Amino acid sequence: MSVRWGLIGASTIARQFMINAIRAADGEVAAVMSSSAERAEAYARENNIPAAVSTLDALLNKDIDAVYISTTNELHLEQGMAAIKAGTHVLCEKPLALTSADARKLVAAAKAAGIVFGTNHHLRNAGAHRAMREAIAAGRIGKPVAARVFHSVFLPENLQGWRITRPKAGGGVVLDITVHDADTLRFVLGDDPVEISAFTQSAGMADSGLEDGAMCIWRFKSGVIAQSHEGFTTKFAGTGFEVHGSEGSLIATNVMTQKPIGSVLLRTASGEEELSFDREDLYTRSLRQFHAAIRGEGQPSATGEDGIWSLASAEAALQSSKTGKAVTIDPKLGSMN
Ligand code: NDP
């Protein structure tokens, strides 16, 4: 039987990627909720969704098995808690909440209710990142020493809204992109970060005290150090991800993206090799795995705990940028320094 989804939020990400992904993974989009009845109806019509509602109660009263939460970030906690209480499985957008303490509440409630809870970190579903993780785990670069993430983009005009104007909605590039870099670094390295130091900037796009650029330096448990660059204002930068080890380097280009594109080069003493990897849509893979988790097979590709890790990392980066000091990353406590 196909999983019946309710969408919480008439969002761009659902329209561009997630509705297709749910359907491609044999799920059904049963209903959409927007805070505006008019927008809900228009969105339902445009996306062939049978029901449109404008309250959370109305959505949770529909015959649905799971919800996908893609509203602005300040709403995830309350909506997630309500969905968990109603007994539906939850796939929640990143950041799970505005603080890691709130994210921990969500994940604990989901666990207590016995429902499946996932964080929509798409990048770990990319063939490129999976190939990198496998190459590292197989020892192909020897002992990993350092990583570099290039994830500074130009925020498209249609998304230049709450991300750059509304601190209360969880705007800013750190909650938007650094969370993804935290998750991708953890996934590819198979390691957890312990400390971060960050500089942020407002380079002309974001206002209201929000940052639109960040450079972070990370230290991982194994001793690996990493740097990451996140931005909204660089039109021509391109993206990439490198991991350098004692016996080789992985150099991936054009891979910090929503699409299954890019390339991964392995360079060792024996020369250069282009790694091949699958090109399945990232979000469809995430949905396939989420559906399997509902059937009791495995867990979502990014779990609630992964979402706590990425938010604790982002929180620590923001704190570091304010204090000028390196901050410990502790998913159990949040940033305490
Ligand atoms: P949008 O700005 O498109 O949507 C967010 C909310 O804004 C919607 O829920 C909607 O409220 C409201 N909204 C949308 N369009 C309009 C409009 N024309 N007029 C008034 N209100 C409007 O956000 P995104 O889709 O970019 O992001 C949503 C969430 O998804 C965020 O948490 C973000 O971090 C995450 N995200 C994740 C990505 C990933 O790859 N994992 C990629 C992009 C975003 P309502 O529902 O009440 O109508």
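How many nonpolar, polar and charged residues does the shell around the ligand have? In this predicted model, the shell has 6 nonpolar, 13 polar and 5 charged residues. In total, 24 residues surround the ligand. The closest are T12, S34, R39, N73 and Y283.

At least two shell residues come from each of α1 (12–24), α7 (162–165) and α8 (173–189).

An N or O atom in the side chain of Y283 is 2.5 Å from a ligand oxygen. Y283 is also one of the closest residues of the shell. A polar side-chain atom of W162 lies 2.9 Å from an oxygen atom of the ligand. For I13, the atom involved is a backbone N or O, which lies 2.8 Å from a ligand oxygen. The ligand taken alone exposes 890 Å², and the protein buries 77% of that area.

Aromatic pairs were then examined. A pair of aromatic rings is described by the distance of the centres and the angle of the planes. The count comes to 3 aromatic pairs. One of them joins W5 and F290. Their ring centres are 5.3 Å apart, with 50 degrees between the planes, and the pair is tilted. W5 belongs to strand β1 (residues 4–8) and F290 to helix α9 (residues 282–294), so the pair ties together parts that are 285 residues apart in sequence. Both partners fall under the 20% cut-off for burial. W5 counts as buried because its relative accessibility is 0%. F290 counts as buried because its relative accessibility is 1%.

W218 and F220 form a further pair. Their ring centres lie 6.3 Å apart and their planes meet at 25 degrees, so this pair is stacked. The cut-off for stacking is under 30 degrees. W218 and F220 are both buried.

Notes
Residues numbered from 1 in each chain as written. Predicted model: local features only at pLDDT ≥ 70, side-chain atom pairs only at ≥ 80, totals over all residues. Heavy atoms only, no water. Near = heavy atom within 4 Å. Polar contact = N/O pair within 3.5 Å; in protein donor to acceptor, adjacent residues only side chain to side chain. Areas by Shrake-Rupley, 256 points an atom, 1.4 Å probe, with all protein chains shown as cover. Helix = DSSP H or I, 4+ residues; strand = E, 2+ residues; numbered from the N terminus. Nonpolar A, V, L, I, M, F, W, Y, C, P; charged D, E, K, R; others polar. Phe/Tyr/Trp six-rings, centres within 6.5 Å; stacked < 30°, edge-to-face > 60°. Buried < 20%, exposed > 50% of the residue type's maximum accessible area, 1.4 Å probe, protein only.
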